[in-house]
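Hello,

Here is the structure I promised to pass on. Have a look at it first, and then read my notes below.

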Amino acid sequence: GGTGNPTQIIVLAKMIIEYTGSSSEIVFKERRNWDAVKDRLSDIYKSWKVLGYEPEVPLKEGLKKTVDWYVNEYEIED
């Protein structure tokens, strides 16, 4: 899965904060010495070729729908 388009983690974090109404602050940490990969991007070619998968919902819309579902439908068990 994935969109096949790059999304910066900072952008994703800001969207999550916005959609959840969170007052969380984004904290930046130094890169860990074992984390050599700087950029990550889903390659959806195989999903497309084998399964015929193509993203139908843009990231922002899908993330908003996911947050809305959790807010309205998800029940936390005690």
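To start with a question: does Y74 count as buried, partly exposed or exposed? Y74 counts as partly exposed, because its relative accessibility is 46%; here buried means under 20% relative accessible area, exposed over 50%, and partly exposed in between (1.4 Å probe, protein chains only).

Before the rest, please keep in mind that this is a predicted model, in which local features need pLDDT of at least 70 and side-chain atom pairs count only at pLDDT 80 or more, while totals for chains, interfaces and linings use all residues. Residues are numbered from 1 along each chain as its sequence is written, and side-chain values use heavy atoms, with hydrogens and water left out.

**The surface patch**

Y74 sits in the segment after α3 (59-73); helices (H or I, at least four residues) and strands (E, at least two) are DSSP runs, numbered from the N terminus. Together with W69, Y70 and I76, Y74 makes a nonpolar surface patch of about 500 Å². Patches are made of residues with over 30% relative accessible area and no salt bridge, with like charges joined within 9 Å and nonpolar side chains (Val, Leu, Ile, Met, Phe, Trp, Tyr) within 5 Å. The areas come from the Shrake-Rupley method with a 1.4 Å probe, and for residues only the protein chains shown count as cover.

**Salt bridges**

There are 3 salt bridges in the structure, each a side-chain nitrogen of Lys or Arg within 4 Å of a carboxyl oxygen of Asp or Glu. E61 pairs with K65, with 3.2 Å between the closest N and O atoms. These two are separated by about one helical turn, because they are 4 residues apart in helix α3. K64 pairs with D68 at 3.0 Å between the closest N and O atoms, and this pair also lies in α3, 4 residues apart. K64 is partly exposed at 33% relative accessible area, and D68 is partly exposed at 30%. E61 is partly exposed too, at 36%.

R32 and D35 form another salt bridge, their closest N and O atoms being 3.7 Å apart. R32 is partly exposed, with a relative accessible area of 48%, whereas D35 is buried, at 14%.

Helix α1 (residues 9-20) has 12 residues and reaches 16 Å from its first C-alpha to its last, close to the 16 Å expected at 1.5 Å a residue; the expected span is 1.5 Å times one less than the number of residues. Just after α1, G21 takes a positive phi of about 70 degrees.

α1 also gives the most to the lining of the largest pocket, with 4 residues. That pocket has a volume of about 950 Å³ and is lined by 26 residues, with Q8, I9, I10, K38 and R40 nearest its centre.

**The loop between α1 and α2**

D39 lies in the loop between α1 and α2 (45-51) and counts as exposed, at 64% relative accessibility. From the C-alpha atom of A36 to that of K65 the separation is 33 Å.

Best wishes

Technical notes: On a 1 Å grid over the protein atoms alone, a cavity is a set of points where a 1.4 Å probe fits but cannot get out, and a pocket is an open set with protein on both sides within 12 Å along at least five of seven lines; lining residues have an atom within 4 Å of a point. Grid points are joined across faces, edges and corners, and a volume is the space filled by probe spheres set on the points.
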